[in-house]
Amino acid sequence: MDNKVIYDAEDTQLIQPVKTYKMIAFRGKVVFPGQAVHFDLVRDKSYTAISQAVESGESVFLVAQKRATMVNPAPQDIYRVGVLATIKQVQRLPGDAMRVVFIAGRRMQIDSYVSLNPYFEVTLKEYDYDPDEPVYFEAIKRRLDEQFKEYRRIDTKMPGDVLSSLSVDDGEKFVSTIASYIFSSDSEKQNVLQTKTLSAQYELILTSLAKETEIRAMEKRITARVRQNIDKNQKEYYIREQIRVLKEELGEDADEIDELREKLRGMKDEMPQTAYEKAEKEISRLEKMSSSTPEASVARSYIELLLDMPWQKSTVDDISLDFARKVLAEDHYGLEKVKGRILEYLAVFKLTQNLKAPVLCFVGPPGVGKTSIVRSIARAAGKELVTMSLGGIHDEAEIRGHRRTYVAAMPGRIINGIRQAKVNNPVFLLDEIDKMTADIHGDPASALLEVLDPNQNNNFKDNYLDMPFDLSKVMFVTTANSLDPLPAALLDRLEVIELSGYTYEEKLQIAKRYLKPKEVKANGLSDVKVDMSDAVISHIISSYTRESGVRNLEREIATVMRKIALKVVEQDQIPASFKVSKKDIAEFLGPAKYKETSAVETDEVGAATGLAWTSVGGVTLSIEAAIISGGKGELKLTGSLGDVMKESCLAALSLVRSRAAEYGVKETAFSENDVHLHFPEGATPKDGPSAGITIATALMSAFSKKAVAHDVAMTGEVTLRGKVLAIGGLKEKSLAAFRAGYKRLIIPKENEKDLTDVPDEVKQKVNIITVENIDQVFAAVLK
């Protein structure tokens, strides 16, 4: 116990010194007055507190934690009522532990916390008993005495010395002893400890004793009844009978087989005849088995699957196109073509009630909203949503299930998903369909052919279920980053809807309407008006993200909100608003990760920038060409190139050589020098023909010593005659050029028809040049 001096707010007037006590918070133990208890203390706080208390010979305050699992409790995690105790004995143990014997004294209550480190130190106030109403106290005491005597006759495990010396006339001693013994949870014991009147404590103990007496008496009756019906040597039968009698005492049906049969009879009108007969047969087999055998467990699981399947249970399809349009508008910004196709799909379904249209497949880079738009479809259609990720699946059994002859057999994910949905017409999302792989266990993509074929899936047969299940009412929707890995047969069953990357303006609107409000709420800032101007959000988009979708943008905004939350908590009061500036962004997110200008800042010889389309969207692709004198005309290629791109390099070199004279390049330059073409980011595989004009430009620049304009990006396949052919993925490539800051974009003339898909923002800020031959490319970019 210490004397603490406390000053007032002016730090001038001395307030009365108060007595403080060191406090030990116990895990899993409530100490009552008068008890002698010992504990092994291992926590640093407790160790330090006891060490100092022993040196000064003072008492300590013992109190219980609310949750025994907490290692470092805060004041709100600790009860306020405990006991003041003296230290009787201390023994040092190996490993910086300490065994301490306490003698508990009177009850006390925490008045205030003085210190939390290096140990708890508190001020206390008395926690005395309130006076009892004499007549009521006498009545409750007599009833408790009778109940205690009855309990002692039944409970033979209670120590004899405790029974002989314990009496209800002992008051607080009786409460401390019996409460520690009969109450199992710390919360019950703490409730007794902090009850203000002795009569109320007696009432709590009386209730618990009556309950325990009834339970012990029931246990004896059950044991006696079981022993009359079994052979002593039949241990397994003994256990089953004991469970049966327990269920009878609780008023439950004792026969599991009867339960299954009753459930089956209730589903007779909901199950196909074959499934009903199969379930009946399996229940009969289960009845003849010993419940402890593995076969019984397998049979039971199979029967439960048959009874859980929603054979004819469906949600009511009442699709409202106005509601669907509202849901899609609430959940997603832009994507007008995608929303239009979804509304068409729902309208046709509403008219025909037929899902035999091609399965929708949303394809696009990560973060553009493929999965979330499927959730919106389910919400708009009023259907249950089942999500199945196909990423990394390589076993056909994941789709079709295992045969029940195998150990640990289970149904496939399709049937499991329908079972969890509890209806036979949910929206079923097959996510990341392009991430499946085939191995020795089969090809899961081939197994999906039956699932997604509307002409076959009305009789889909799972190997585990071993009977047809109708999947024709299920609305299957798939997502993918790229269609390249998909087999042609599977792709033929899908209607592809492409979700390309977003422009800066679209990202700005998504951040304002969806991401910022979401992160404000998620980080507990709903009471703070967080002001982020369009300029600040645009700065985050351009300087800290370079992606097709908005996933990284969401992470950056979440980081900003966490930093704001930290500042708000560190202040004394929650501010009404918080304005975020560009200076704050630099503090919260660090230096800018990307420049807001072109990747190439000066005109260079032998270097050109092309565009490529990948599973994560469009990207810029630098190509460097170097002429090495004293060679033999060899072509060296580096940068992890595929066969198609290697052939493009050979074709481009031949094209440049055929036009050498027109650009002042001597023929001997090709035979007396070696050529090295390098594609940076060498660890990234690259393939495809669309870099043809970029390769030819870099080679012609290197041979002619003419620099390539730094503000130009280009894409297009080239032939030996110099003709520029069409390419794919124009929208994604144009977005990549726009994000990287290029002012001009060269594309094939044949792709002019695809410019309608290019966002207006890109066409306004990037000069798009269409070309038909390589000479037009050279004329536009070589200086």
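This is a predicted model: local features need pLDDT of at least 70, side-chain atom pairs count only at pLDDT 80 or more; totals for chains, interfaces and linings use all residues.
User: What is the phi of S640, and is S640 buried, partly exposed or exposed?

Analyst: S640 is not a glycine, although its phi is positive, at about 60°. Buried would require under 20% relative accessible area and exposed over 50%. The relative accessible area of S640 is 35%, so S640 is partly exposed.

User: Where is E432 found, and what is its phi?

Analyst: E432 is found in the loop between β10 (427-431) and α16 (444-452). E432 is a residue other than glycine, and its phi is positive, with a value near 55°.

User: Does E432 count as buried, partly exposed or exposed?

Analyst: The limits for the middle class are 20% and 50% relative accessible area. E432 has a relative accessibility of 23%, and therefore E432 counts as partly exposed.

User: Is the peptide bond from N117 to P118 cis or trans, and where is P118 found?

Analyst: The loop that holds P118 runs between β6 (97-115) and β7 (120-126). For the peptide bond from N117 to P118, omega is near 5°, and this bond is cis.

User: How are α9 and α10 oriented to each other, roughly parallel or roughly antiparallel?

Analyst: Helix α9 (residues 273-287) packs with helix α10 (residues 294-308), and their axes are 10 Å apart at an angle of about 155°. Angles over 145 degrees count as roughly antiparallel. The two helices α9 and α10 are therefore roughly antiparallel.

User: Is the crossing of α9 and α10 left-handed or right-handed, and which classes of residue make up the contact of α9 with α10?

Analyst: The crossing of α9 and α10 is left-handed. On the α9 side the residues include A275, I283 and L286, and they meet a set in α10 that includes A296, Y302 and L306. By class, the contact of α9 with α10 has three charged residues, no polar ones and nine nonpolar ones.

User: How many disulfides does the structure hold, and are C361 and C649 buried or exposed?

Analyst: A disulfide is a covalent bond between the sulfur atoms of two cysteines. The structure holds zero disulfides. Because its relative accessibility is 0%, C361 counts as buried, and C649, with a relative accessible area of 0%, is likewise buried.

Terms used. Residues are numbered from 1 along each chain as its sequence is written. Side-chain values use heavy atoms; hydrogens and water are left out. A disulfide is a pair of cysteine sulfur atoms within 2.5 Å. Buried means under 20% relative accessible area, exposed over 50%, partly exposed in between (1.4 Å probe, protein chains only). Axes are lines fitted to C-alpha atoms, for helices over the stretch in contact, and angles run from 0 to 180 degrees between N-to-C directions. Helices (H or I, at least four residues) and strands (E, at least two) are DSSP runs, numbered from the N terminus. Angles under 35 degrees count as roughly parallel, over 145 as roughly antiparallel, 65 to 115 as roughly perpendicular and the rest as oblique. A crossing is left-handed if the near helix is turned anticlockwise from the far one by less than a right angle, and right-handed if clockwise. Contact means heavy atoms within 4.5 Å. Ala, Val, Leu, Ile, Met, Phe, Trp, Tyr, Cys and Pro count as nonpolar, Asp, Glu, Lys and Arg as charged, and the others, Gly among them, as polar.
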